[in-house]
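Visitor: Could you walk me through this one? I'd like to hear about the aromatic rings and then about a pocket.

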Amino acid sequence: MDYGIPEELQKLQDLTRQFVEKELRPHEETVDRSNDLPHELRMRLRRKSLEVGLYAYNMPESVGGPGLPWLAQVLLREQLGHVSQALADCVGRPPKILLACAGDQVQRFLEPVLRADMTWSFAITEPGSGSDAGAMKTRATPAPGGWHLNGTKHFISHGDAADVVIVIAKTAEDNLPTAFLVTHDTPGFTTGRIHPKMGWRGYPVAELQFKDAFVPAGNVLGKPGDGLRLGLKQIGEARIGVAAHCVGMAQRALDYVTEHVKVRNQFGQPLAKFQGLQWMLADMALDIEQSRALLYATARSMDSAGESASRTAISMAKLSASEMLGRVADKAVQIMGGAGYMAESPIEMIFRDARAFRIGEGTSEIQKNQIARDLLGRDFAA
């Protein structure tokens, strides 16, 4: 289908596809089976993505990024959906909250991150607060020359090994959420358990504990009280990125099973001859294309009207693509039968990995709340 993608963006799409196939995909099976992506390999792949111009693709020109339009970012992220989450993450997408770095924070944190020399993590979720970020209990208490952090974060991506963790904590004095840049060697900051997961193998998710962890005053990111606003400011980017990733994953699943039914024989003929399976493939293709059309339209809306003006469209795209991926992955397993359930094809991995996208970066129900609020107004929406 022709979506009128400019030639220069098609070239970026092709470059990303080639990087996925040549640099990332060869490691996929090993990483998934071992549930481990060695730090040395992760950093090597990040630097390779930096060399070809893909790393930090989401950052503006003002800090040395490419300043890509949203449509370009969506096309790039869609191609990253064709490889496992752990390896796709090697094409780094630094959190835009780091744009709030000021003074020497730029040299200490932002610039090393953009050079792929420093890894990061973002810690907001807690055991008692998931979708309700405002219910966090981690506290920051004033101390001579800085702050003491106390509390627990969990489900934190790469929290076990990140060089710097961006921690959102409420200040004890006024209960306002503030962002802190916490280095991993900070006394009082320890890694708890690494959460076992259904999927996303090789992509560690950790529990972080803070017991009077001292953070210097110079490591406050932005203004005190601005932490939640800064953190949620990047939620639109995260959600449209998830939508693009899901479209890529679904397309990979469809491509794989389409080839499978052409060569797999049953009852003396290829599976592709059976009308029931043809209809399932048709449903998958339609489902993907509908989500892709909404995704591209949303990205174009973000480019023309801005991210904040496109908030409901972003929720629609994220909801549509993440739910669609679940349906497509399920049909892919069903079409392949026992072979789809076995860990000998990417379909089993895609089925496992797909489930998380209906939860992360705002659950499907949160997206529906946003859409309903736009339709009804705040007076009627829950």
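This is a predicted model: local features need pLDDT of at least 70, side-chain atom pairs count only at pLDDT 80 or more; totals for chains, interfaces and linings use all residues.

Visitor: OK, how many aromatic pairs does the structure hold?

Guide: The structure holds 6 aromatic pairs. One of them joins W147 and F180 edge-to-face, with 5.8 Å from centre to centre and 65° between the planes. Because W147 belongs to strand β3 (residues 146-157) and F180 to strand β5 (residues 177-183), this pair ties together parts that are 33 residues apart in sequence.

Visitor: Are W147 and F180 buried or exposed?

Guide: Both W147 and F180 are buried. As for F267 and F274, their ring centres are 6.5 Å apart and their planes stand at 70°, so that pair is edge-to-face as well.

Visitor: Which residues do ring pairs link into a cluster?

Guide: That cluster consists of W200, Y203 and F357, linked by ring pairs. Turning to a charge over a ring, R46 lies over the face of W120, at 4.8 Å from the ring centre.

Visitor: Switching topic, what lines the second largest pocket?

Guide: Its lining has 19 residues, with R42, H158, D160, G202 and P204 nearest the centre of the pocket, and the volume is about 300 Å³. Helix α3 (residues 39-51) gives the largest share of that lining, 3 residues.

Visitor: How do the lining residues divide?

Guide: The lining of this second largest pocket divides into 8 nonpolar, 6 polar and 5 charged residues.

Technical notes
Residues are numbered from 1 along each chain as its sequence is written. Side-chain values use heavy atoms; hydrogens and water are left out. On a 1 Å grid over the protein atoms alone, a cavity is a set of points where a 1.4 Å probe fits but cannot get out, and a pocket is an open set with protein on both sides within 12 Å along at least five of seven lines; lining residues have an atom within 4 Å of a point. Grid points are joined across faces, edges and corners, and a volume is the space filled by probe spheres set on the points. Helices (H or I, at least four residues) and strands (E, at least two) are DSSP runs, numbered from the N terminus. Ala, Val, Leu, Ile, Met, Phe, Trp, Tyr, Cys and Pro count as nonpolar, Asp, Glu, Lys and Arg as charged, and the others, Gly among them, as polar. Rings of Phe, Tyr and Trp (its six-membered ring) pair if their centres lie within 6.5 Å; planes under 30 degrees apart count as stacked, over 60 as edge-to-face and the rest as tilted. Buried means under 20% relative accessible area, exposed over 50%, partly exposed in between (1.4 Å probe, protein chains only). A charge sits over a ring if NZ of Lys or CZ of Arg is within 6 Å of the ring centre and within 35 degrees of the ring normal.
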